[in-house]
Amino acid sequence: MLHRPWRDYLLFLAIVGPNLVLLGVFTYRPLIENIRLSFFDWNISSDDITFIGLSNYREWFTRDDTWVIVGNTVIFTVAAVVGSMVIGLALALLLDRQLRGRNLVRSVVFAPFVISGAAIGIAFQFVFDPHFGLVQDLMTRFGLGNAPDFYQDPHWALFMITVTYLWKNVGYAFVIYLAALQGRRQDLAEAAQIDGASPVTYFRRVLLPQLRPTTYFLSITVLLNSLQVFDIINVMTRGGPLGNGTTTMVYQVYEESFRNFRAGYGATVATIMFVILLIVTVAQVRVMDRGTAT
């Protein structure tokens, strides 16, 4: 690199420089400011700000609702990641075949992904309404009794939020998997067919290894997206019922900062969430590197 002509360095700065400036201003500067703010007690409506050291972090680890919120976050995230990838792959395998109306169905599956989460949350409020919603209507038609009260039972409320999120975002995993399927090696499929491999054996031994890089990529991106879900929760349950029934860590950041006016504590939750995401993402990247290396 030391022997490169100076024009190469100028070209590098011209191409990369604007992106580095944007990242520094809109990503890293707010991140550093958020970490700094987590050591202060600040009512967001006041100009008074007091340094309190690690008090916010001690409070977070000792509060009774912390582990309820962490549990909600873990359950929702695992269900969202696994559900999106499994359903997305199943739909991609189905719609990769020569079927009548295939392109229309592909568009229908992907369409919810580009719709606003707030709009979908409002629509699904009517789907899960315990009195006149679609779920209640279907259960009545099939003689299954009354639908659960999704807005009063915390477990069913979290299930409702998860289903709504999956309906909106499964199209993303579907499109990525579909692109990967269309780029798979046909010679391996022909060799497996000649060897008499069963569909299950072909799927496990031939197709899944080719989809491994795509699966790793989706595991990272879907994880990051699911941990940042706010609009659906805010529209459908506002973090309830019974206080924290569907409150996740990202919703707690909003609630503490803008409803309880505790910007310092909200910054603490955001910082802890950032550290968790960083650790999980680094671990996923290392696993992905090992998988691609082998």
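A pocket is an open set of points on a 1 Å grid over the protein atoms alone, with protein on both sides within 12 Å along at least five of seven lines, and its lining residues have an atom within 4 Å of a point. The views show a predicted model, in which local features need pLDDT of at least 70, side-chain atom pairs count only at pLDDT 80 or more, and totals for linings use all residues. Residues are numbered from 1 along the chain as its sequence is written, and side-chain values use heavy atoms, without hydrogens or water.

**View 1. The largest pocket.** This pocket has a volume of about 430 Å³, the volume being the space filled by probe spheres (1.4 Å probe). Its lining comprises 15 residues, and Gln-228, Ala-270, Met-273, Phe-274 and Leu-277 lie nearest the centre. Helix 13, a DSSP run (H or I, at least four residues), contributes the most, with six residues. The lining has 11 nonpolar, four polar and no charged residues (charged: Asp, Glu, Lys and Arg; nonpolar: Ala, Val, Leu, Ile, Met, Phe, Trp, Tyr, Cys and Pro; polar: the others).

View 2. Ala-80 lies in helix 3 (residues 66-95). Ala-80 is buried, with a relative accessible area of 0% (buried: under 20%, 1.4 Å probe, protein chains only). Residues up to four places away in sequence aside, Ala-80 touches Tyr-165, Leu-166, Val-222 and Ser-226 (heavy atoms within 4.5 Å).

**View 3. Contacts of Tyr-177.** Beyond its neighbours within four places in sequence, Tyr-177 is in contact with Met-85, Gly-88, Leu-89, Ala-92, Leu-211, Thr-214, Thr-215 and Leu-218.

Conventions. Helix = DSSP H or I, 4+ residues; strand = E, 2+ residues; numbered from the N terminus. Buried < 20%, exposed > 50% of the residue type's maximum accessible area, 1.4 Å probe, protein only.
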